[in-house]
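Please look over the chain and its fold before reading on. The briefing below goes through the model topic by topic.

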Amino acid sequence: QHITWTPLLVLGYLFYLLLGAMVFQLLEKQAETHFRDQFQLEKLKFLQNYTCLDRKALEQFVQVLMEAWEKGVNPEGNSTNPSNWDFSNSFFFAGTVVTTIGYGNLSPSTVAGQIFCVFYALFGVPLNLAFLNQLGKGLNAHLLTLERWVQKPGRAQVKLAIFLTTGTLLFLVFPPLVFSYVEGWSYGEGFYFTFITLSTIGFGDYVVGTNPNKHYIPVYRSLTAIWIVFGLAWLALVFNVGADLMERFLQLKWHKSDLSLTEGATTKLEDEPEQPRIHIPS
């Protein structure tokens, strides 16, 4: 009987999610509690230093700050901060919509903008997928298919290694150096932003071009959007190769298990002496 690996894949997927949840809780919950307590302490100190304010007024001001942040207005700086909706920033936002990155630090606040965003994404996401598919074919033009690579290893392995190495340098290694220089991040933070962006996870905790204390060239975010598109195509190919290899590994593993079970059953039947056949009349 053929053993399917699909249920095992589902169980492994759920286990991976549960494992991630436990590890993230272990790593982050204590730090969150510390930051929350520290924030409450800072509010108490603020009230003690400015006795003309009461707790209710402070909480209202904190609410105003939160609403401003949710609408993409950085509370730091003043009214001279550059607009989040100039052409360069709007181009960057449009890119995060169609690529489904969705950082969450900026979103339409008008009803007309929200309705347009829905229909823009409705047609833009399939268009982006079609574009990335064609771009991926272009990047993959000099590579053999994965099936031929597995069956006939040779020059294709060298091509695949060059493809992975070049892409890693262009999209994962060098860009964090630029972001670290421009944004003032560490290299680790730049690398984190790079991978979270190109994988379309897009938490929004790090976003380029949002520091009000820095002066960015006008096309900075537009160039970043173009880099994101090509990086998405490359990383999508890498993920597809990884997924294909994982499926092949699982299928091969369970195919071997099927063969061993079949051979074991055959051997057992051969070892057993032939039983007398009893005719039961109808």
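## Briefing on the predicted model

Leu8 is partly exposed, with a relative accessible area of 39%; partly exposed is the range between buried (under 20% relative accessible area) and exposed (over 50%), found with a 1.4 Å probe on protein chains only. This is a predicted model, in which local features need pLDDT of at least 70 and side-chain atom pairs count only at pLDDT 80 or more, while totals for chains, interfaces and linings use all residues. Residues are numbered from 1 along each chain as its sequence is written, and side-chain values use heavy atoms, with hydrogens and water left out.

**Overall make-up**

- The protein has eight helices and zero strands, where helices (H or I, at least four residues) and strands (E, at least two) are DSSP runs numbered from the N terminus.
- Read from the N terminus, the order of elements is α-α-α-α-α-α-α-α.
- Of the 282 residues in the protein, 24% count as buried.
- Contacts are pairs with heavy atoms within 4.5 Å. Among those between residues at least 6 apart in sequence, 61% join residues at least 24 apart.

**Confidence**

- The mean pLDDT of the protein is 80, and 78% of the residues score at least 70; pLDDT is the predictor's confidence in each residue, on a scale from 0 to 100.
- Helix α7 (residues 187–198) has the highest confidence, at a mean of 96, and helix α5 (residues 146–151) the lowest, at 49.
- Over residues 276–282 pLDDT stays under 50, and the model has zero contacts beyond four places in sequence for them.

**The second largest pocket**

- The space in the second largest pocket is about 390 Å³.
- A pocket is found on a 1 Å grid over the protein atoms alone, as an open set of points where a 1.4 Å probe fits, with protein on both sides within 12 Å along at least five of seven lines; its lining residues have an atom within 4 Å of a point.
- Grid points are joined across faces, edges and corners, and the volume is the space filled by probe spheres set on the points.
- The lining consists of Leu8, Leu9, Gly12, Tyr13, Tyr16, Leu17, Ala243, Met246, Glu247 and Leu250.
- Helix α1 supplies the largest share of the lining, six residues.
- By type, the lining residues are eight nonpolar, one polar and one charged. Here Ala, Val, Leu, Ile, Met, Phe, Trp, Tyr, Cys and Pro count as nonpolar, Asp, Glu, Lys and Arg as charged, and the others, Gly among them, as polar.
- Leu8 belongs to helix α1.
- Leu8 and Leu250 are 242 residues apart in sequence, and their C-alpha atoms are 9.2 Å apart in space.

**Salt bridges**

- The structure has four salt bridges, each a side-chain nitrogen of Lys or Arg within 4 Å of a carboxyl oxygen of Asp or Glu.
- Glu32 and Arg36 form one of them, with their closest N and O atoms 3.4 Å apart.
- Glu32 and Arg36 are four residues apart in helix α1, so about one helical turn separates them.
- Glu32 is partly exposed at 43% relative accessible area, and Arg36 is partly exposed at 44%.
- Arg55 and Glu59 form a salt bridge at 3.9 Å, N to O.
- Arg55 and Glu59 are four residues apart in helix α2 (residues 55–70), which means about one helical turn lies between them.
- The relative accessible area of Glu59 is 32%, and that of Arg55 is 41%; Glu59 is partly exposed, and Arg55 is partly exposed too.
- Lys43, Arg55 and Glu59 are linked in a network of salt bridges.
- In helix α8, Asp244 and Arg248 lie four residues apart, about one turn of the helix, and their side chains meet in a salt bridge (3.6 Å, N to O).
- Asp244 is partly exposed at 22% relative accessibility, as is Arg248 at 28%.

**Positive phi values**

- Thr100 has a phi near 60°, a positive value in a residue other than glycine.
- Thr100 sits in the loop between α3 (87–98) and α4 (111–139), and is partly exposed at 45%.
- Thr200, again a residue other than glycine, has a positive phi near 65°.
- The loop between α7 and α8 holds Thr200, which is partly exposed at 27%.
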